Amino acid sequence: MGEKLLGTGHPVYVIGEIGINHNGDVEIAKKLIDVAVEAGCDAVKFQKRTPEICVPMEQRSQIRQTPWGEMTYMEYKIRTEFGKDEYQQIALYCAEKGIDWFASPWDVPSVEFLENMNVLTHKVASASITDRELLRALAETRKPILLSTGMSTLEEIDAAVDILGTQNLVMMHATSTYPLPPEEANLRTIQTLRERYGVPVGYSGHERGLQISLAAVTLGAVTVERHITLDRTMWGSDHAASLEPSGLEHLVRDIRIIEKALGDGVKRVFPGEEAPRARLRRVTV
């Protein structure tokens, strides 16, 4: 993934999912990038859509109450969608800050858009796993692909893998409930996916708190993605299930501690044990 390797034995690749939490404001996006950098994330992720393709016809004229006044859902989606100018600013800002960035494209023109921005990878959102036209376009990029598996059956995942292949694939275990209750996390699926597809498996979380994401790391997740926000009370659909700056900082800190604590599985006497071993150990016949 860029200059970093994902997989067993490598540091967990931590992604701050900005998504649409920028609310259409590039300055908020930059503040969220700062939050991710200060916490020690490896990357930030956005979402890229062509509203004219992605917004269902029956929803386009629905009226929404927004911070910018009353408008149709279509007008709202256009109002909050970043274009070339905003993403050029984001790309430059991330380069200056030394952090990777990429996005989830929700349609084929968005894949082309992101390819023109020279992103290092693409993420398939859980909602898009059955969009075969999109998957074929992503496969043609020959770039590493992160495949999120929320609200999907194994048969649907099988069909997606048939298109994407496994050579440059990282699967992301996810449950698409916002916010995620612990009883729906089903973290043992990380092992199921790893054994079934033979690819590295990460975790994309929508829960409140840190425990489930940290447990995913102990089960071998090679990457962890969490939505981030400046304030969970901000207007927007994803803020409530996002981590605020202090939560993200604690998540990355604890992931790095767990990485050290997991070790290599080789049983041996550690240097810190030598003194108590010499002082306390009894050998009897």
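A crossing of two helices is left-handed if the near helix is turned anticlockwise from the far one by less than a right angle, and right-handed if clockwise. The views below come from a predicted model, in which local features need pLDDT of at least 70, side-chain atom pairs count only at pLDDT 80 or more, and totals for chains, interfaces and linings use all residues. Residues are numbered from 1 along each chain as its sequence is written, and side-chain values use heavy atoms, without hydrogens and water.

**View 1. Helix H7 (residues 132-141) packs with helix H8 (residues 154-164).** Here H7 passes H8 in a right-handed crossing. Their angle is about 35°, and their axes lie 8 Å apart. (Axes are lines fitted to C-alpha atoms, for helices over the stretch in contact, and angles run from 0 to 180 degrees between N-to-C directions; helices, H or I of at least four residues, and strands, E of at least two, are DSSP runs numbered from the N terminus.)

**View 2. The largest pocket has a volume of about 610 Å³.** (A pocket is an open set of points on a 1 Å grid over the protein atoms alone, where a 1.4 Å probe fits, with protein on both sides within 12 Å along at least five of seven lines; lining residues have an atom within 4 Å of a point. Grid points are joined across faces, edges and corners, and a volume is the space filled by probe spheres set on the points.) Look for Gln 47, Arg 49, Trp 106, Ala 127 and Tyr 178, the closest to its centre of 30 lining residues. Helix H4 gives the most to this lining, with three residues.
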